[in-house]
Amino acid sequence: MDTKEIFKRYTTQETFEKIVDYSCVAEMWEHSVNTYSDNVAIVDGREYTYSELDAEIRSFRGVLRENGVQNGDLVGIYMPNSVEFAKAFIAITTFGASAVLLPPHLDAMTVFGCSMKFGLKAVVYSNALKDNLALLREKNPAVALIDGCATSETSLDAVYSDPAELCTVIFTGGTTGKSKGARLSHRAVMAGVRNGCYGIEEVFEQRYLLVLPLTHVFGLIRNLLTAMYTGSSLFICKNNKDMFRDIAMFKPTILVLVSSILEAMSEKGIR
């Protein structure tokens, strides 16, 4: 039996038929933009529809090219959760490059070390973390430093990557030793996104609240990319201390959490 068929019992037939395979992030993203153009994709200070976000992604592909990034290059993302992070990730992985996710708590020496270890062509950063790049700028000046808010007048189409090509590098939590950079292909990432849709009767065009870091595999794949795959709206919680306020205000229909957050919600009587 096809593994996919096993999940039929856990969702509706209508939803099940919408869960299709995409070969890479670009194929998935283009389908979402074409299907859910006017839906709100991300809420971060203001609302961004799928078509508005796509316009910014197309522009950021132009930024990547203007900074010397080419097909097959590795590009670091050194940013906290934000619409700029989402834009950078989708732009990089639909440009034909690969995204190396650098958690925002990394210090200057570690960021420099990552640039050397992974042979980064560029690092996309947020202004709040700019000072931590001084060492990288000094010791490895060949790496282009790209402001995550940069724009270009050039709008570039997406590049379809081979499913086996590297999509992203995500650091493990280090629970079994030193943290390691896990290399995930487009096929692996899209399998994770697709699997995130099973077992929920209504998974398309929902309301997600993002609490987990986007540098975390669950935050990136099950939160951001699954939301984008399903034409849903993703509200970015900027500070976990405001999570309960944001839940009351945004009224999400799907929450992707880890056990510690679930325990905190249970203590507050939230079910």
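**Note on a surface patch and some aromatic pairs**

1. Glutamate 14 sits in helix H2, which spans residues 13-18. The model is a predicted one. Glutamate 14 has a relative accessible area of 58%. Exposed means over 50%, so this residue counts as exposed.

2. Glu14, Glu17, Glu201 and Glu202 gather on the surface as a patch of negative charge.

3. Now the rings. Across the whole structure, a search finds seven aromatic pairs. One of them joins tyrosine 36 and tyrosine 50: the ring centres are 6.2 Å apart and the planes stand at 50°, so the pair is tilted. The pair links distant parts of the chain, 14 residues apart. Tyrosine 36 is in the loop between helix H3 (25-35) and strand S1 (40-44), and tyrosine 50 is in helix H4 (residues 50-66).

4. Are these two tyrosines buried or exposed? Tyrosine 36 has 8% relative accessibility and counts as buried. Tyrosine 50 is buried too, with a relative accessible area of 0%.

5. Take phenylalanine 235 and phenylalanine 250 next. Their ring centres lie 5.0 Å apart with the planes at 35°, so this pair is tilted. Phenylalanine 235 belongs to strand S10 (residues 233-236), and phenylalanine 250 to helix H10 (residues 243-250). The two are 15 residues apart, and the pair links distant parts of the chain.

6. Check the cover on these two rings as well. Phenylalanine 235, at 10% relative accessibility, counts as buried. Phenylalanine 250 has a relative accessible area of 6% and is buried.

7. Which residues form one aromatic cluster? They are Tyr22, Phe204 and Tyr229.

Key:
Residues are numbered from 1 along each chain as its sequence is written. This is a predicted model: local features need pLDDT of at least 70, side-chain atom pairs count only at pLDDT 80 or more; totals for chains, interfaces and linings use all residues. Side-chain values use heavy atoms; hydrogens and water are left out. Patches are made of residues with over 30% relative accessible area and no salt bridge: like charges are joined within 9 Å, nonpolar side chains (Val, Leu, Ile, Met, Phe, Trp, Tyr) within 5 Å. Accessible areas come from the Shrake-Rupley method with a 1.4 Å probe; for residues, only the protein chains shown count as cover. A salt bridge is a side-chain nitrogen of Lys or Arg within 4 Å of a carboxyl oxygen of Asp or Glu. Lys and Arg count as positive and Asp and Glu as negative; His and the chain ends are not counted. The place of a charge is taken as NZ of Lys, CZ of Arg, CG of Asp or CD of Glu. Helices (H or I, at least four residues) and strands (E, at least two) are DSSP runs, numbered from the N terminus. Buried means under 20% relative accessible area, exposed over 50%, partly exposed in between (1.4 Å probe, protein chains only). Rings of Phe, Tyr and Trp (its six-membered ring) pair if their centres lie within 6.5 Å; planes under 30 degrees apart count as stacked, over 60 as edge-to-face and the rest as tilted.
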